[in-house]
Amino acid sequence: DAQLFYGSMKGVVAALGDPYSVFLDPVISEEFTEELSGKFQGIGAEIGMKQERLTIISPLPESPAEKAGLKPGDKVMAIDGNETTGISLDEAVKQIRGEKGTEVILTVARENADSFLDITITRDTIDIKSVVLEMKDNIGYIKLTHFNQDTAQEFGEIVNELLTKSPKGVILDLRNNAGGYLDVAIEIAGYWVKNGDVVVKESFGDVEIDRNYNSTGQEQLASYKTVVIVNGGSASASEIVAGALQDFELANVVGEVTFGKGSVQELEQLSDGSSVKITIARWLTPFGRSIDKEGVAPDEIVEFTEENYENEEDPQLDRALEIINNE
C-alpha cells in the first residue's frame, strides 16, 4: 500500500511537467537532506535536465565522477544499460547513488564525440568541502563548490583570513558549482553587494509583484578588484551571485555561459519523512535579467577546451589573473 501511495504521489507531481518539481519518498528525502549537509554516498556529480535530457551539471572536485572522466555537459543516455528517456530527476539520483565500493556505468553523449561513451564509476563517500582559499602571488583565489548549510560560515572564515593578507584582488571561482541554499547565496553576495541593495528577484509569472531579496552584508570585499569565473556547470545559486555582481559592476565575469537553472524550489517536509519539492518562481538578476534557461553570459568569453584539460592548462584562471594584474 505504501509503495502504491508513494507511486501515486510521484505521478501527481510529475504531471506538472516540471523536471525540478518532485516528490521524494522518505529514503530519497533523507539522502537529499544529507547531500545539502555536505556528506553522502554516491559518485559526486550534480545532475539536471537540459532540453529534456538528463545532463551532468558538474562533477565535484576530486570525486569518483571527476576521476572517472565525467564532464559538465555530458548527456546521460543510460544508467547501467537502462535508457534515461523520460526519467525523472529523483529516479535518476536513486539509480546513480549507492553504497561505497559498488559500481555504476553511465552511458553519455559528449559534444564533439563520435559515439557514446561508457563511463564506469566506483561509488564512494562524498564529503564536500565547499570553500577553498589559495593565494596566487598576492591575489586571493576562492574556489566555491557548493552553497551548503556550512558554506556561509566557512566563507566568512576564509574572507577573514584573506583580508589579513591585503590582497591585490579577488578571484571567485564558481565553475561547476551547481548551487544550493538561496540564503547562503545572498549572504555570500553581501561581501560585495551594498547592504539593502537587491541581490536577486523572484518572479511569479502572471503575478505582477516580484519578491526582492536584499543584501544584509557588510561589503568587506567590495573595494577589491574582483573577477568571477563561471562555466556551463555554474547553476542556480552560482548564477544568482554572478548575476548580482555583474549587474552592479562589482566584478568582471569571465568564462562560459552558465547552465541556466533559474527556477525556485520550495521544499516541504511531510510528517512521514517524505517531502515534496515544488517550483514556485523564477530567478531574475537585480536589474531584471532572466536566469532560467538563458543563464548568465560572461563579460568576456574564455573557453576551456578538452585540449586544455588534457594539458592541465586553465586559460580562464589565467585570464582572471591577468585582468587583476593589469589594473
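This is a predicted model: local features need pLDDT of at least 70, side-chain atom pairs count only at pLDDT 80 or more; totals for chains, interfaces and linings use all residues.
Student: Over how many bridges do strand 12 and strand 15 pair?

Tutor: Two strands count as paired if DSSP finds at least two bridges between them. Strand 12 covers residues 169-173 and runs parallel to strand 15, and the number of bridges is 5.

Student: What angle does the direction of helix 9 make with that of strand 15?

Tutor: Helix 9, residues 315-325, packs on the sheet and touches strands 10, 11, 12, 15, 16 and 19. Contact means heavy atoms within 4.5 Å. With axes fitted to C-alpha atoms, for helices over the stretch in contact, and angles run from 0 to 180 degrees between N-to-C directions, the value is about 165°.

Student: Which are the edge strands of the open sheet?

Tutor: The open sheet has 6 strands in the order 10-11-12-15-16-19, with mixed pairing. An edge strand here pairs on one side only, which applies to strand 10 (131-136) and strand 19 (300-301).

Student: Is N231 buried or exposed?

Tutor: N231 sits in the loop between strand 15 and helix 7. Beyond four places in sequence, N231 touches R175, N176, E256, V257, T258 and F259. Its relative accessible area is 10%; buried means under 20%, exposed over 50%, and partly exposed in between (1.4 Å probe, protein chains only). N231 is therefore buried.

Student: How many of the 8 residues of helix 6 are buried?

Tutor: Helix 6 spans residues 182-189 and is mostly covered. The cover over its buried residues includes strand 11, helix 5, strand 13, strand 14, helix 7 and strand 18. The buried residues are L182, V184, A185, I186, I188 and A189, and their number is 6.

Student: What radius of gyration does the protein chain have?

Tutor: The C-alpha trace of the protein chain spans about 65 × 50 × 30 Å along its principal axes. The globule rule, 2.2 Å times the number of residues to the power 0.38, is for a radius taken over C-alpha atoms. For 327 residues a compact globule would come near 20 Å, and the protein chain agrees because its radius of gyration is 20 Å.

Note on methods: Residues are numbered from 1 along each chain as its sequence is written. Side-chain values use heavy atoms; hydrogens and water are left out. Helices (H or I, at least four residues) and strands (E, at least two) are DSSP runs, numbered from the N terminus.
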